[in-house]
Amino acid sequence: MKGTPFEKKALDNVSMELKKGEFAALIGHTGSGKSTLVQHLNGLLKQDEGQLNVAGLETKGRDLKELRKKVGIVFQYPEHQLFEETVYKDIEFGLLKQNIPDEERRKRILDTAAIMEISESMLHKSPYEISGGQKRRAAIAGILVLEPEILVLDEPAAGLDPSGTRELFDIVTSLYREKKITVILVSHSMELVGDYASRIIVMNKGRIEHDGTPSEVFGMGNKLEEIGLGVPQITKLMARLNEYYPEIARDVYTIEDAQRIIGGILRRGR
Amino acid sequence: MAVSNRAGRDLMIEIKKAEYIYDNHDFPVKAVDDVSLEINTGEFIAVLGRNGSGKSTLARLMNALIIPDSGKVIVLGKDSSEAENVWEIRKNVGMIFQNPDNQIVGTTVIEDVAFGPENLGVEPVEIKKRALKALDMIGIEELRERAPHLLSGGQKQKVAIAGVLAMKPSCIILDESTSMLDPVGRREVLETIRKLNKIENMTIIHITHHMDEACLADRVVVVDEGKIVIQGSPREVFSDVMLIESLGLDVPQVTRLLFNLKKEGLVDDSAVIDIDEAVGKLRALIG
Amino acid sequence: MIRNITLGQYLPGTSAIHRADPRTKIIMTISFMVVLFIVNSIWALIAALVFVAAVFLISGISFKYAIRGMKPVLYIIIFTTVLNMFFTDGNVLLRLGPARITEEGLILAAVVSLRVFLLIASASIMTYTTTPITLTDGIEKLMGPLKVIKFPVHEMAMMMTIALRFIPTLIDETDKIMKAQAARGADIGTGNLLQRARSFIPVLIPLFVSSFRRADDLAVAMESRCYRGSEGRTSMRILKFKGLDVAILGIFIIICAGILLVHYLI
């Protein structure tokens, strides 16, 4: 918002590159610029300075329809955007703007519904008749059906219980592996980030604080806490154990790795 | 009128074989199925369960928002099914809801906190006193003239807690009040209710599906399909990792780790719920 | 951005006008508007202008805010001014080709535009110096007598308060929904009239649904805090007529009398 009394640098000299097929996570305290950055990716917001090139398309002055076909953003609580008479029609909504023959459109919708584990009978129901978890999957299907090359997920598990979260991420990972889409996960849950992302971008006050692998980023435990973030509980545990046993690595972030390392030490002790 | 249970402790809420049936959609659903539970004054209880387990319904039975179809809910000695008790019960058992926005009525913070006492017919001068005191207790006195839409999620929930405090309750129920908050907000709310429990001896009933929050409680009650499956201290409950996970819930990462090591035969007891305990246990074993 | 603009644009202050009872201000504003419609004389309106300027001065509100209030109606004012200037019969002052400006036209244009300006300025000074909630309190108290005919005064006031509270929240939500639908490729607000109307459906339906859910949640939350209508209800804010209000009303009556006098005499 340049030129108004409310002008504040939401993004300050942000530079980064994302390769095709990466599963990256974007983390940062509330107000760090994560949402702002993400909304630039499909042209919802336009940068005041600098360039942004997404999937081969410059975002400024660009036909946004093209861009939004390539970049699908699933906002928080996506089920709030459902509005059509049936789940089928709602998933179809984004496709109607594109010139696709009826048969192909129908096939895409059914395929996407299958991926998101939406049954045939659910497709014919009103979005207001189904459960919260089902609504969410229907909403995500509405974005996936556009077959984006880049999928941005903003707190996709917000409000879901642990099993619901796991189910959702199972779908996302198989999608990621089969369709080879680039995924950007915006989340506050360090456990989720540690379990799924291969690259983490840390934002703080509109700037990129760090950009690297989970090992690198979670290895900086104290620095993260200073900027209002945390690390997975398992990482904290390993960092504490490292104080007594220097051979225990500090940059461990999954239960499996921790189990392997500690198991190894316990076995050697016997 | 203090009612005591068999252990001689003061009973805040007593639920006796309560049932509640939702009669909607295609078939009736027993949201609460033959539940009996005792909550003592000053306890910090966590009610844990997956979505659809009936935990919210259970919460609403406790402040007379709904009445059991069979069985009884007795709050501070008063039966919730008797109409004349409803307002007394709601005054004594305050409730904080999941959506921070949809419980704030006032156009400024202090106005919203005053809403409860106003409904109780408290004298105007006393209302202002109570509102300011409640805001002070929660530590948000400086926000008193702020408009609610300018607050963060955590701040909004704190305003809701202050609003309930101004009614001078004996018990506060939090119905998934941290679900929609970011980590900072969650921490703020948990810190607030912990203080209220420890310093003011406020009975706290915290409904959630986050196990790290449940670990702060004195007693954890796990529900599924309308029934209480297991209850006990956090350590007791979470040590049964297989059960917890079969109920669609999670255990803390450190609990999982030690449980896995126990399965490998490297550890004989996996009952830990936080990092300190895990470090202690592992150090003892590693030497 | 919109979140930072408070509705009604209350500008905090400690002037006498700020401290006056809202009922005083409401009564004054309405009466003043009536007077403005009664008087036709340009001198009376100028006297009214002086009065309004004085009120702004006393309240410490910069006059530029009065001008800002005119923005929405600027075109209407220009239009009527031009109309009155050129199409009134009378003593011709200036000829511009086929068009002519008369003395009467000029005066009429001045009267009309000044009146509009003063109507807006007087309403503005009320909202600039009174918080929305205090205004609703004042309206509720003034409507009090209507309780006799079973008019739901308290309920109306509660509705106004809740509406005021949620307007910024709903604006934010609309923004979120528009962004989410735009991300799906929806074109909101484009096309011919019919298309444009239809294009808002993906925004309006979710908004309506969520508003109903909000209302439901809010009702449950209010009941949890023992709300049961106006029965037995008290209020933290009490309106009391003070000496200040009596003085202000007194001066106001005198000034209005003066303005009316000018109107009848000149």
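Colleague: Which hand does the crossing of α5(C) and α6(C) have?
Modeller: The crossing is right-handed, meaning the near helix is turned clockwise from the far one by less than a right angle. This is a predicted model, where local features need pLDDT of at least 70, side-chain atom pairs count only at pLDDT 80 or more, and totals for chains, interfaces and linings use all residues. Residues are numbered from 1 along each chain as its sequence is written, with chains lettered from A and ligands numbered from 1 in the order in which they are written.

Colleague: At what angle do the axes of α5 and α6 of chain C cross?
Modeller: Roughly 160°, and the axes come within 7 Å. They are lines fitted to C-alpha atoms over the stretch in contact, with angles from 0 to 180 degrees between N-to-C directions. The two helices are therefore roughly antiparallel, the word for angles over 145 degrees.

Colleague: Which residues of α5(C) meet α6(C)?
Modeller: Among them are Ile77(C), Thr80(C) and Phe86(C). Contact means C-beta atoms, placed from the backbone, within 7 Å.

Colleague: Switching topic. How many helices and strands are in chain C?
Modeller: Chain C has 11 helices and 2 strands. These are DSSP runs numbered from the N terminus: H or I of at least four residues for helices, E of at least two for strands.

Colleague: What does the C-alpha trace of chain C span?
Modeller: About 70 × 55 × 35 Å along its principal axes.

Conventions:
Angles under 35 degrees count as roughly parallel, over 145 as roughly antiparallel, 65 to 115 as roughly perpendicular and the rest as oblique. Two residues are in contact if their C-beta atoms, placed from the backbone, lie within 7 Å.
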